[in-house]
Amino acid sequence: MATPIKEWPKLEVRAVVRFLFSKGTKPSEIHKQIAETYGEGAMSRSRVYQWCTWFGEGQTSLGDEPKSGRPKTSTNEENTTRVDELIICDRRMKIREIALKFEIPKSTVHEIVHDTLGYRKVSARWVPKMLITSFKGLKFRNAFCSDANKTMEMRIRRIFV
C-alpha cells in the first residue's frame, strides 16, 4: 500500500474526482481511491458525491464560484483615503461621527482608523500611533525625517502646527 500524500491542494483533489468521474468510476469508488492516496481528510464522501453531481450537470470549473451578495468588508482604499482626509481636517472627529458621515459601520471605521491608518486618541485628538510610541514629548527623532517617511513627516507637521 502506498503512503498517503500529506499535503494536497483542493484543486488537485477536485481534478482527480473529475478525471475518475469522466472515466465512469462510481463516486463511492472515487472516494475510496482518494482516501487511499490523499488520506481520509482529503475530501469527504458527501463532497465527492456533490462534485460528481456537478460534473454530471456539465460544470467544468474546479475552482469555487464567486459568491454573490455584499462584500465582506467596506474597508477599501477609497474609504481609507476619505477617513484619513477627514481626520486630517478635524483631529477631534469621533468614530461615530465619521461612520455617520460616510454611512459605513462603526466597526469598519474603527478598523480603518486604528489598524490601517494607525491613529490613536491622545487628549481627544487623533495622533499617528508611531508618534505615541516613538517620541518623548514633542522632540522629533531622526527616523521620521528620512525621505522614506515623508508622508509621516507631513502628518506630524499637521498635528503640531
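Student: Is W51 buried or exposed?
Tutor: This is a predicted model. In it, W51 counts as buried because its relative accessibility is 3%, under the 20% cut-off.
Student: How many aromatic pairs does a search of the whole structure find?
Tutor: Two. In one of them, the ring centres of W51 and W54 are 4.8 Å apart and the planes sit at 85 degrees, so that pair is edge-to-face. Both residues belong to helix 3, three residues apart, or about one turn.
Student: And W54, what does it count as in terms of accessibility?
Tutor: Partly exposed, at 27% relative accessibility. There is also a pair between W51 and F55: centres 5.5 Å apart, planes at 40 degrees, so tilted. F55 is buried, as is W51. W51, W54 and F55 make up one aromatic cluster.
Student: Switching to pockets. How much space lies in the largest pocket?
Tutor: About 160 Å³. Its lining includes W51 and W54, along with W8, K10, R14 and D64 among others.
Student: Which helices each supply at least two residues of that lining?
Tutor: Helix 1 (10-22) and helix 3 (45-56). By type, the lining residues are six nonpolar, one polar and four charged.
Student: Last topic, backbone. What is phi of E103?
Tutor: Near 55 degrees, a positive value, and E103 is not a glycine. Most residues other than glycine have a negative phi.
Student: Where is E103 found?
Tutor: In the loop between helix 5 (95-102) and helix 6 (106-116). E103 is exposed, with a relative accessible area of 73%.

Methods. Residues are numbered from 1 along each chain as its sequence is written. This is a predicted model: local features need pLDDT of at least 70, side-chain atom pairs count only at pLDDT 80 or more; totals for chains, interfaces and linings use all residues. Side-chain values use heavy atoms; hydrogens and water are left out. On a 1 Å grid over the protein atoms alone, a cavity is a set of points where a 1.4 Å probe fits but cannot get out, and a pocket is an open set with protein on both sides within 12 Å along at least five of seven lines; lining residues have an atom within 4 Å of a point. Grid points are joined across faces, edges and corners, and a volume is the space filled by probe spheres set on the points. Helices (H or I, at least four residues) and strands (E, at least two) are DSSP runs, numbered from the N terminus. Ala, Val, Leu, Ile, Met, Phe, Trp, Tyr, Cys and Pro count as nonpolar, Asp, Glu, Lys and Arg as charged, and the others, Gly among them, as polar. Buried means under 20% relative accessible area, exposed over 50%, partly exposed in between (1.4 Å probe, protein chains only). Rings of Phe, Tyr and Trp (its six-membered ring) pair if their centres lie within 6.5 Å; planes under 30 degrees apart count as stacked, over 60 as edge-to-face and the rest as tilted.
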